[in-house]
Amino acid sequence: MNFPIIYVVSDSVGETAELVTKAAITQFNGSGMKIKTFPYVEDKENISEVITLIKLDQAMVAYTLVKPGMRKFMREQAEQAGIIAVDLMGPLMDQIQDFTGKTPLCEPGLVRKLDEDYFKKVEAIEFAVKYDDGRDPRGILKADIVLIGVSRTSKTPLSQYLAHKRLKVANVPVVPEVDPPEELYKISAEKCFGLKISPEKLNYIRRERLISLGLNDKASYANINRIKEELTFFEKITNKIGCQIIDVTNKAVEETANVILHYCQKK
């Protein structure tokens, strides 16, 4: 049975949006609803990516974005995709502005719980953002967990989910034309996880991604032979490292995260 999914999107940690959404869900006795949280959505490309995921999950979205341009873009993208979207922050800010005549600061993350656990979570989330998609291979040496996979295997949302569990996560994209960073071979294989996916599923995800961007879904990026080549290269790299492999073909981000968390707890 597929349960209804509500995406919670924020330009900060996302605690406010998540608390409000959970409070609303309790009025329906939960009804099996699931929440997927995406924090630190800082630019329009991030919004486009999350809209694609929401559409694939046939979900709705509740969001707290304080910058007017970002709120407008989210609203427009959701309308174009036929997605139900609820702005939790904007209408109240607009009313307060009209009532007081004051202009809001429009700075994300001004309301925060200042305790040790909070700071650990924020540090982990900032780490995941900084070392996302192989931006700086030095993060591999500092990470608690390293995710390895080809494009569109949910490395970024998985990194963010694990960061909410206060784990520092770096993720590394695998591309046949690019040698993986040396740092991958210097760390313990126990903290590396390869994200495996079926060629057919990846082909579907990439085609949907191209369509959402207004591009030709016949491009090399979504070509099944190209995908198989990438996955063969992925297997070669992960076999060399000797890391754990998780098949994410039919797994939600939360399921994959639970597999990793369970493995870490056992270790």
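Reader: How many salt bridges does the structure hold?

Author: This predicted model holds 15 salt bridges.

Reader: What makes the meeting of Arg 71 and Asp 94 a salt bridge?

Author: The side chains of Arg 71 and Asp 94 meet at 3.5 Å, N to O. The term requires a side-chain nitrogen of Lys or Arg within 4 Å of a carboxyl oxygen of Asp or Glu.

Reader: Why are H2 and H3 called roughly parallel to each other?

Author: The axes of helix H2 (residues 44-57) and H3 cross at roughly 30° and come within 10 Å. Angles under 35 degrees count as roughly parallel. H2 and H3 are therefore described in that way. The crossing in which H2 passes H3 is right-handed.

Reader: What makes H7 oblique to H10?

Author: Helix H7 (residues 155-163) and helix H10 (residues 253-266) pack at about 55°, with their axes 10 Å apart. H7 is accordingly oblique to H10, and their crossing is right-handed. On the H7 side the contact is made by Pro 157, Leu 158, Tyr 161 and Leu 162, and the H10 residues include Val 253, Glu 254 and Ile 260. The contact divides into eight nonpolar residues, one polar and one charged.

Reader: Why do strands E6 and E8 count as the edges of the sheet?

Author: Four strands form an open sheet in the order E6-E5-E7-E8, with parallel pairing. Strand E6 (169-173) and strand E8 (244-247) each have a single partner strand, so one side of each is left without a neighbour in the sheet. The twist from one strand to the next averages 25°.

Reader: How do you know that E5 and E6 pair?

Author: Strand E5 (residues 145-149) and E6 share five bridges in the parallel sense, whereas pairing requires at least two. The strands therefore qualify as a pair. One of the bridges joins Val 146 to Ala 170 in E6.

Definitions and conventions: Residues numbered from 1 in each chain as written. Predicted model: local features only at pLDDT ≥ 70, side-chain atom pairs only at ≥ 80, totals over all residues. Heavy atoms only, no water. Axes fitted to C-alpha atoms, helices over the stretch in contact; angles between N-to-C directions. Helix = DSSP H or I, 4+ residues; strand = E, 2+ residues; numbered from the N terminus. Parallel < 35°, antiparallel > 145°, perpendicular 65-115°, else oblique. Left-handed = near helix turned anticlockwise from the far one by under 90°. Contact = heavy atoms within 4.5 Å. Nonpolar A, V, L, I, M, F, W, Y, C, P; charged D, E, K, R; others polar.
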